[in-house]
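Student: Could we go through this model together, one question at a time, with the cut-offs stated as we meet them?

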Amino acid sequence: MSKLLIDGGRVLGGEAKVQGSKNSALPILAASLLAKNESVFFGCPRLSDVDSSVKILRYLGCKVAQDGHTLTVNSSTLGIDDIPEPLMRLMRSSIIYAGALLASVGSARLTFPGGCELGPRPIDLHLSSLKKLGAEITERHGELIFKAPKGLKGSKISLSFPSVGATENIIIAASKAKGTTIITNAAREPEITDLADYLNSCGAHIEGAGEGTIVIEGREHFYGCCHSIIPDRIVAATLMSASAVTGSEIILDSVIKSHLDAIIPCFEQAGCDVKFDKQKMKINSPKRLKSLGLIRTTPYPGFPTDAQAPLMAVAAVGEGITVFSENIFESRYKHVGEFIRLGADIKVEGKVALVQGVKKLYSAPLCAKDLRGSAALAVAALSAEGTTEIDTTEYLERGYEELDVVLSNLGASVKKI
Ligand code: UD1
C-alpha cells in the first residue's frame with residue numbers, strides 16, 4: 001500500500017503536460033480487438049487501469065508492446081473469448097469487452113465488472129442493448145455468456161439514460177453488425193467521439209458521435225491504424241483545482257478548451273483567471289477564493305461527475321456557500337468525511353452537499369476511498385497547514401499518472417512512500 005505525504009501551503013508555478021485520457025484509452029484498447037492487425041496508440045497514459053487492459057488483451061492472445069506513452073496492440077492472434085473473474089474485477093471498463101468480443105469472435109464469457117464503489121453500478125443498459133443487436137445472453141452463477149451465432153445485426157436502440165459505457169459497447173458491437181444501428185439518447189462525452197474516431201480510422205462507419213443520435217453502418221473488415229488519445233479533461237480539472245487552492249499561476253499543456261466548457265465557469269466564479277493559447281491554458285488564482293455557486297453534475301456537455309470531488313476541495317476554501325448536486329452516481333460523496341477531518345464545513349443530505357468555505361484547512365491523516373476522491377484529497381492537502389498523509393493511493397494510480405511527480409514539478413511538496 002502506498003501513501004502520499006503532502007506538506008501544504010506552497011505556492012505552485014510552472015507548466016505541466018496533461019496526460020492522455022484514461023476514459024478514452026480503456027474503451028479504445030477494447031475496440032482494438034476488431035482490427036485484426038496492429039494499432040498504434042500515442043499519448044496512452046501509464047496507469048494501472050491501462051495495465052489491467054493490457055493484461056486482458058494479452059490473456060485474449062493479443063500482442064501488446066509498450067514504449068513510454070506509445071502502446072501497440074496486435075489483435076491478429078486473438079484466440080479466446082473468455083475473461084476470468086480476477087481480470088474482470090480489475091475495473092469497470094472490462095464490460096466493454098462484451099461488445100468487442102461479440103463483434104470480433106462472435107461470443108464472450110465474462111463476469112460482472114469491478115471498478116470504484118460509487119453506489120450500485122448496474123449493467124442492464126449494456127445487456128439490453130447487446131440483446132437488441134442480436135446477442136443471446138445467459139447469466140449463471142455470476143458468469144455472463146454472450147453468443148451471437150448468426151452474427152450481430154443493426155437495430156434501433158434508445159437509451160433510457162445516456163450511459164457512457166453502454167454507448168461505447170453499442171458503438172463497438174454495431175460497427176461489425178450487419179446493417180444500420182441508430183442510438184438515440186446516446187452519451188455525448190468527448191471520449192465517445194475519440195472511440196468513434198479510432199474505429200472510423202480502422203474502417204468503421206460511425207456518424208454523429210458527440211451528439212445525441214449516433215448512426216452506425218456495420219462493416220466487415222477493420223484494419224489497425226495510428227491514433228492519438230485525447231487529453232484527460234478530468235486530470236486538467238484536478239490540476240486547475242490545485243492552482244485554485246494554492247492561489248497559484250500555472251500553465252497546463254495539452255488541453256482541449258471545449259472539453260472544459262462546463263468546468264471553466266466554476267473556476268471563474270471562484271475568482272480564477274483562465275486564458276487559452278491554442279492547446280495551452282494559463283490559470284491564475286487569487287489568494288482567497290470565492291464560492292462556486294451551484295454545481296449540478298449531469299451527462300456531457302454538463303458538469304462531469306468525475307470533477308465533483310476535486311472542485312469540492314476548491315469550494316472548501318472558497319468564501320461563502322457552494323452547493324453540489326450529484327445526479328449521476330448514488331454514492332459519490334465518500335471524500336466528504338475526509339475533507340471534514342481537514343476542517344472543512346460540509347453537510348450532505350441525499351444527493352446535495354452544502355459546502356461552507358473555511359479560511360484554512362489543517363492537515364490530518366486521510367484515507368482515500370475512490371479514484372477521483374483520492375485526487376481531491378491530494379488537492380485539499382496542498383492548501384492545508386501541515387503535513388497530510390493520504391492512505392491507499394492505489395486508487396490514484398488507476399487514473400493519474402505520477403500525480404506526485406506532476407505536483408512536485410509544479411513546486412508542491414509531495415512525497416510518495
Ligand atoms: C464512465 C466513466 C466514469 C464516469 C461516468 C459518468 C469510464 C471508464 N468511466 O463510467 O469515470 O464517472 O462514465 O460520466 O469511462 N447505469 C445504469 N445501467 C447501465 C449503465 C449505467 O443504470 O447499464 C447508470 C449508472 O449506475 C450511473 C449512470 O448510469 O448511475 C452513469 O453511468 P455510465 O455513464 O454508464 O458510467 P460508466 O460508463 O460506468
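**Helix packing and the domain interface**

Tutor: The cover over the buried residues of α4 includes α1 (22-31), α2, β6 (107-111), α5, β8 and α6, where helices (H or I, at least four residues) and strands (E, at least two) are DSSP runs numbered from the N terminus, and contact means heavy atoms within 4.5 Å. This is a predicted model, in which local features need pLDDT of at least 70 and side-chain atom pairs count only at pLDDT 80 or more, whereas totals for chains, interfaces and linings use all residues. Residues are numbered from 1 along each chain as its sequence is written, and side-chain values use heavy atoms, with hydrogens and water left out.

Student: How many of the ten residues of α4 are buried?

Tutor: Buried means under 20% relative accessible area, exposed over 50%, and partly exposed in between (1.4 Å probe, protein chains only). The buried residues of α4 include Ile 96, Tyr 97 and Leu 101. Helix α4 is largely enclosed by the rest of the structure, because the number of its ten residues that are buried is nine.

Student: Which residue follows α4 with a positive phi?

Tutor: The phi of the residue that follows α4 is positive, near 85°, and that residue is Gly 106. A positive phi, about 105°, is also found just after α5, at Gly 134. For α4, then, the residue asked for is Gly 106.

Student: Is Leu 57 buried or exposed?

Tutor: Leu 57 is found in helix α2, and the residues that Leu 57 touches, not counting those up to four places away in sequence, include Leu 29, Leu 33, Val 73 and Tyr 97. Because its relative accessibility is 0%, Leu 57 counts as buried.

Student: What separates the centres of domain 1 and domain 2, taken over C-alpha atoms?

Tutor: The protein is divided into domain 1 (4-19 + 231-416) and domain 2 (22-228), with bounds that come from an automatic or database domain assignment. Taken over C-alpha atoms, the separation of the two centres is 30 Å.

Student: What area do domain 1 and domain 2 bury between them?

Tutor: The size of an interface is often given as the accessible area lost when the parts come together. Buried area here is the accessible area (1.4 Å probe) that two parts lose on being put together, summed over both. Carbon and sulfur atoms account for 54% of the area buried between domain 1 and domain 2, which is about 1900 Å².

Student: Which residues of domain 1 lose the most area to domain 2?

Tutor: Together, the residues in question make up 35% of what the domain 1 side buries. They are Tyr 300, Arg 398 and Glu 401.

Student: Which residue meets Asp 49 in a salt bridge?

Tutor: Asp 49 lies in helix α2 (residues 48-59), and, because its relative accessibility is 2%, Asp 49 counts as buried. A salt bridge is a side-chain nitrogen of Lys or Arg within 4 Å of a carboxyl oxygen of Asp or Glu, and across the interface of domain 1 and domain 2 the rule finds two. With an N to O distance of 3.0 Å, the side chain that meets Asp 49 in a salt bridge is that of Arg 398.

Student: How many residue pairs are in polar contact between domain 1 and domain 2?

Tutor: A polar contact is a pair of N or O atoms within 3.5 Å; within protein, one must be able to donate a hydrogen and the other to accept it, and residues adjacent in sequence count only if both atoms are side-chain atoms. With both residues at pLDDT 80 or more, the count of pairs between domain 1 and domain 2 is eight.
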